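Let's take a walk through this structure together.

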Amino acid sequence: MRKYLFSAGFALLVAATSASITVITPPAFASQIKYVVNNVPITTGDIQHRAAFLRLQRKKGDAAEEMIEQTLRVAEARRLGIRISDAQVDAAYQRFATTNKMQLKQLDGVMAQSGVGKEHFKEFIRSQMAWNQALTARHRSKSGGALSEQDVVRRMLDNGGTKPTAMEYMLQQVIFVVPAAERSATLSKRKREADAMRARFNSCNTSREFAKGLIDVTVRDLGRILAPQLPPDWADQIKATKVGGATPTRETDRGVEFIGICSSREVSDDKAAQMVFQSEGSSGKDADELSNKYVEELRKKARIVER
C-alpha cells in the first residue's frame with residue numbers, strides 16, 4: 001500500500017520554518033479528557049496539539065475528528081498484532097530531519113515553536129506506520145493475497161497485450177546487533193562500526209570477510225526480490241543505490257543495519273507482471289478509498305463518548 005506519512009508540502013514548510021526559528025517557550029496546553037474512544041482517553045491537550053499540526057501543514061481539518069480517527073487506527077493496528085517500536089519511530093523522525101536538511105535539534109525546535117511538540121509528531125508517525133501495515137493486511141485479505149491468472153491476463157489485454165516489467169534485486173542484509181539492554185550505551189559505537197563497514201562495501205562476495213573480525217554482526221542473503229515486494233522502509237534507498245553499493249545505515253529495533261545491492265535486472269515474467277499489477281491496484285485513489293471505508297467501519301463499531 002502507499003505509505004501514509006508526510007506530504008512534500010509539509011516537508012518544505014517545516015524546512016522553511018526551521019530557517020528562521022527562535023527559541024521560545026512552547027505553549028502550555030490544558031489536559032482535560034474531552035473524548036473517550038473505546039476506553040482510550042483523548043484530552044483537550046491532544047486536540048490542541050493536532051490543531052497546531054494542521055496549522056503547520058496549512059491544512060483545513062477538524063483536529064478532534066483527526067484524533068478520534070487516529071485512536072481508532074492505532075487500536076485496530078494493535079488488535080492485528082502490529083507494533084511499531086520506538087526505534088522505528090526515532091529512525092523515521094531522523095530521516096525526516098535529514099531529508100529536510102535539518103539537525104534533530106532544529107526539527108525539535110520547529111515542533112516546539114509551532115505548538116505541535118515532537119512527542120505528538122512522533123505518535124503521529126507511529127500511527128501512520130502502523131496504519132500502513134494494517135491497510136496492507138486489509139488489502140491482501142480483500143484480494144485473496146494476489147491477483148488470479150485471469151486478472152493478470154485481463155490487465156495485460158487492457159494494457160495492449162504488453163506484459164509489464166519490474167526490477168529484480170539480489171540483496172544482502174548486514175545487521176550490527178545491539179541488545180535492547182545495551183542500546184543506550186553502545187548504539188553510537190555500533191553505528192560508527194556499521195558506517196565504516198558500509199563505506200568499504202563493494203560486493204556481496206566480500207561482506208562476510210569484512211564481518212569476520214567484528215562482534216555480533218549478522219550477514220543475511222535475502223535472495224531475489226521484485227521491486228513491488230521491497231520493504232516500504234527500505235524501498236526508496238534500495239532503488240537509489242547502485243549495484244555493488246549499500247544503502248545508508250539505519251537504526252532499527254535489532255540494532256544498526258544496511259542493505260547491500262548484489263545485482264539487479266529487469267524482468268518481465270509472469271510473477272513480475274502479477275506483482276506490478278497488484279502494486280498498481282493498491283495505490284493512489286484505491287488506497288485512499290480503502291482507508292476511508294476501513295475507518296468508517298471502525299467508527300460504526302466504536303464507542304465514542306464526549307465528556
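Start at N39, which counts as exposed because its relative accessibility is 67%, and the cut-off for exposed is over 50%. Keep in mind as you look that this is a predicted model. N39 sits in the loop between β1 and β2, the latter covering residues 40-43. Its backbone is worth a look too: phi of N39 is near 75°, a positive value in a residue that isn't glycine. Most residues other than glycine have a negative phi.

Now hop over to D216, another non-glycine residue with a positive phi, here about 55°. You'll find D216 in the loop between α9 (207-211) and β4 (217-226). With a relative accessible area of 46%, D216 is partly exposed.

Time to zoom out. The protein chain has twelve helices and seven strands. Of its 307 residues, 42% are buried. The accessible surface of the chain comes to about 16,900 Å², and carbon and sulfur atoms hold 50% of that. If you take the contacts with a separation of 6 or more, 75% of them link residues 24 or more positions apart.

So what's on the inside? The largest nonpolar core has 39 residues, and M111 and F121 touch the most other members. The top contributor is α6, which gives eight residues. Apart from this core lies another one, made of 14 residues that include L187, M197, C204 and V217.

The axes of α2 (residues 44-57) and α3 (residues 63-79) come within 8 Å and cross at roughly 110°. That angle makes α2 roughly perpendicular to α3. Where they meet, α2 brings D46, I47, R50, A51 and L54, while α3 brings A63, A64, E66, M67 and Q70. Sorted by class, this contact has six nonpolar, one polar and three charged residues.

For a last stop, find Q237 in helix α10, which spans residues 232-240. Which residues does Q237 contact, leaving aside its neighbours within four places in sequence? They are R95, T247, P248 and R250. Of these contacts, T247 is ten residues away from Q237 along the chain, and their C-alpha atoms are separated by 5.8 Å.

Conventions
Residues numbered from 1 in each chain as written. Predicted model: local features only at pLDDT ≥ 70, side-chain atom pairs only at ≥ 80, totals over all residues. Heavy atoms only, no water. Axes fitted to C-alpha atoms, helices over the stretch in contact; angles between N-to-C directions. Helix = DSSP H or I, 4+ residues; strand = E, 2+ residues; numbered from the N terminus. Parallel < 35°, antiparallel > 145°, perpendicular 65-115°, else oblique. Contact = heavy atoms within 4.5 Å. Nonpolar A, V, L, I, M, F, W, Y, C, P; charged D, E, K, R; others polar. Core = buried A, V, L, I, M, F, W, Y, C linked by side-chain atoms within 4.5 Å. Buried < 20%, exposed > 50% of the residue type's maximum accessible area, 1.4 Å probe, protein only. Areas by Shrake-Rupley, 256 points an atom, 1.4 Å probe, with all protein chains shown as cover.
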